[in-house]
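Please read it with the sequence and the structure side by side.

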Amino acid sequence: MSLRFIADRTRVEVKNELNDMPYITTVNSVMEERQCVLLDIMRLGGEEVRLQVGRPYSLRFFSERGVFSFSGVMRGFVKKGNYDFMLFQLSGEGKKIQRRQSFRLACGIDIEFNTIDGDITMPHKGFIRDISSGGIRLMTVEEINETHLVQLQLPMIDEKFWVYGTILSKREVSGEAKYNWQHGVEFVGLTEAETEKVIKYVHSEQHKSRQR
């Protein structure tokens, strides 16, 4: 598959089988003839995260044409100016992820969530306004930094069901008695089984709503 769809600053999720928490970074540049990409080095808690050279990873590119998944190997670091970048060589054909369309379900459920920037914070309180197979609309007291991952509890699916997400959008709201910010959160790093759990819950609640 051509890498032309991967533009500079495309958001990327990097994950390996030993790491439950996905890393989120961006594309610096693409070397299509070598099937390689240069990615920005992640920073957590102000410290650089240096991935292991030679280790295989799975990479998902969130491009304007959709979400594409590749296997890749971390080949090393490349210096451009004063900055280092991670060199990944992609292997095989990329796979376009067909996101299942799902009803956006109004929820109104109180939850706990953590923000992650190196260290996991103490739990915050939030409110899920609605949920779909791809994410939630989260109401919070304070604004969440877009560079942070969030770890969310979804008790309506399972008391022990926690997922990760990134902030796609946010806006300050008025007229809310308790919460001042609304965030669009996209799930990241979900396994197929976890995604099916979310879809099953949304479709089940949708069916109940139609029967009322």
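Predicted model: local features only at pLDDT ≥ 70, side-chain atom pairs only at ≥ 80, totals over all residues.

How many of the five residues of β13 are buried?

## A strand inside the structure

Five of the five residues of β13 are buried, so this strand is largely enclosed by the rest of the structure; here buried means under 20% relative accessible area, exposed means over 50%, and partly exposed lies in between, with a 1.4 Å probe and protein chains only. Residues are numbered from 1 along each chain as its sequence is written, and side-chain values use heavy atoms, with hydrogens and water left out.

From β13, the residues L149, Q151 and Q153 point one way while V150 and L152 point the other way, and all are buried.

## How the strands pair

Two strands count as paired if DSSP finds at least two bridges between them. Strand β13 (residues 149–153) pairs with β14 in the antiparallel sense over five bridges, and within this pairing V150 stands opposite G165, while Q153 stands opposite W162. Four bridges join β13 to β9, and these strands also run antiparallel; here T115 is opposite V150.

Strand β14 is in turn joined to β15 by eight bridges, again in an antiparallel arrangement, with R171 standing opposite Q182.

## Rings and charges

The structure holds three aromatic pairs, where rings of Phe, Tyr and Trp (its six-membered ring) pair if their centres lie within 6.5 Å, with planes under 30 degrees apart counted as stacked, over 60 as edge-to-face and the rest as tilted. The rings of F61 and F70 have centres 5.9 Å apart and planes at 85°, so this pair is edge-to-face, and both residues are buried. F127 and Y179 form a stacked pair, at 6.0 Å centre to centre and with 25° between the planes. Because F127 lies in strand β11 (residues 124–131) and Y179 in the loop between β14 and β15 (181–188), the pair ties together parts that are 52 residues apart in sequence. F127 is partly exposed, with a relative accessible area of 21%, whereas Y179 is buried, at 6%.

A charge sits over a ring if NZ of Lys or CZ of Arg is within 6 Å of the ring centre and within 35 degrees of the ring normal. R50 lies over the face of F77, 4.5 Å from the ring centre, and the charged end of K80 sits over the ring of F85, 5.8 Å from its centre.

## The second largest pocket

A pocket is found on a 1 Å grid over the protein atoms alone, as an open set of points where a 1.4 Å probe fits, with protein on both sides within 12 Å along at least five of seven lines, and its lining residues have an atom within 4 Å of a point. The second largest pocket has a volume of about 460 Å³, a volume being the space filled by probe spheres set on points that are joined across faces, edges and corners. Of the 21 residues that line this pocket, the closest to its centre are I24, T25, E146, T147 and H148, and β2 gives the most to the lining, with four residues.

Key:
Helix = DSSP H or I, 4+ residues; strand = E, 2+ residues; numbered from the N terminus.
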